Amino acid sequence: MLDSVVASFLINRDFARLWSGQAISVVGDFVFDTTLTIWVAKELLAGSRWAPAAVSGLMLCTVLAIMVVGPVAGVFVDRWDRKRLMLGTEVLRGVLVGALTLVTLLPTGALPTGVWLALLYFVVFVVNAAGQFFNPARFATIGEIVPGEADRARAFGLGQATQSTAVIIGPPLAAPLLFSVGIQWALLLNAVSYAVSFLAIRGVRVKARPAAERAARQSWRAEFGAGLRMFATNRFLVALLGIAVIAQLGTGAINALDIFFLTDNLHAEPKLLGVMSMAIGVGSVVGALLSGRMVALVGARNVTWGGLFLGGLLFAVYARQTSFTPALIVAVAFMIPITALNTGLSPLLLQVTPPDYMGRMAAVFTPVNNAASMLSVVVAGSLASTTLRDFHASVAGVHVGRIDLIFTVSALLVTTAGVIGAFVLPPARREKPA
């Protein structure tokens, strides 16, 4: 009975273990991130004009870890045993967050503010740097323990749904924990989540690489160069990266301007941003859970380009909304295909990347996509604050303002990525689920 439940929902026992560890750990991560943000803003630097800059520093540490450590980590993900690597990163993160938990038992005034911030920045950077090793190793491990395009799509869909659910429930947990029992318990929750993840991953059965194969490695620079050449000469990887970057250039505007869209275009209170974020999270969960079935029906290729195309069209509809409730419904709707395409993209990456290059593929794909997203945020915010600050126009009797104009152009980019994907993505390779 248990085997049939696992097979129908969690695919197989090994993936069930891997997923269960992620489910606990990712909630702990969101509680950790939100707790530190609130604690720095409302306790450590309460009333200080430097508080926003200090909170931005936490986010900058995360970005630096992705951009600096991500490309370096890819070589070692391909060189080392991936299961041991995942276990090692969970130990490192658990010990580090546990140590920070002990330090926060001290009164805030026991250390200078600069020392507190330096300590927090160090921990956030190292935790996220370890994630740059863990995430590609986990990605490659799913490719080993889950066969077949449809089942892989289900696996990545469950992962995406877990991530989206954590976005919904993690931050609301952080504030009550912080203000009712203190920062120590919120940090301890994250440290324990890494321990749970460690135990779950330890039970995953994955084929270890022969020691002789690992010993016959070249220098880091040579292996990294080989990874770059593999990526540059693989036209399907280049195509996948190209359409992903175009889509990121479009979707990043939401992160930068949704609060202004809420107040200026929807004429709603700022406090409703949380409700809008929750609606986006609900759409993400639904899209992720449906993605496996969609890939089984039409293939990962069609889900990817079709999700971009449909998501872009619905994003354009969202940009034209002028009241909160209809916008809320459209927000749920356009996140369903957007999340489904993210899930469909993963089996394609596994399909077209040689197994020994998974880490180096991620070392190129992830930082470039993050760079595109950051560029989109910066450009959208700059345009809304400078060139388009007082923009108003009327097109065929329809009013166009600064935020909806930027959103419409962003939607066009996402739709364009879908059209390009329809022509350049690799042909579907239909496989029966294992």
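**Helix packing and nonpolar cores**

Modeller: In this predicted model, the axes of helix α4 (residues 82-103) and α7 come within 8 Å and cross at roughly 160°.

Colleague: What makes α4 roughly antiparallel to α7?

Modeller: Angles over 145 degrees count as roughly antiparallel. The two axes cross at roughly 160°, so α4 is roughly antiparallel to α7. The crossing of α4 past α7 is left-handed.

Colleague: Which residues make the contact of α4 with α7?

Modeller: On α4 they include Met86, Leu87, Val91 and Val97, and on α7 they include Leu187, Leu188, Tyr194 and Phe198. By class, this contact has 11 nonpolar, 6 polar and 4 charged residues.

Colleague: Why is α2 called roughly antiparallel to α7?

Modeller: Helix α2 (residues 13-44) packs against helix α7 (residues 183-202) at an angle of about 160°, the axes being 8 Å apart. The cut-off is 145 degrees, and the angle therefore makes α2 roughly antiparallel to α7. A left-handed crossing takes α2 past α7. The residues of the contact of α2 with α7 comprise 14 nonpolar, 8 polar and 2 charged.

Colleague: Which residues have the most contacts inside the largest nonpolar core?

Modeller: They are Phe15, Tyr318, Met361, Phe365 and Phe407, in a core of 86 residues. Beyond its neighbours within four places in sequence, Phe365 is in contact with Phe231, Leu240, Leu241, Ala244, Leu345 and Leu349. Another core, of 27 residues, lies apart from the largest one; among its members are Trp39, Leu120, Val124 and Leu178.

Note on methods: Residues numbered from 1 in each chain as written. Predicted model: local features only at pLDDT ≥ 70, side-chain atom pairs only at ≥ 80, totals over all residues. Heavy atoms only, no water. Axes fitted to C-alpha atoms, helices over the stretch in contact; angles between N-to-C directions. Helix = DSSP H or I, 4+ residues; strand = E, 2+ residues; numbered from the N terminus. Parallel < 35°, antiparallel > 145°, perpendicular 65-115°, else oblique. Left-handed = near helix turned anticlockwise from the far one by under 90°. Nonpolar A, V, L, I, M, F, W, Y, C, P; charged D, E, K, R; others polar. Contact = heavy atoms within 4.5 Å. Core = buried A, V, L, I, M, F, W, Y, C linked by side-chain atoms within 4.5 Å. Buried < 20%, exposed > 50% of the residue type's maximum accessible area, 1.4 Å probe, protein only.
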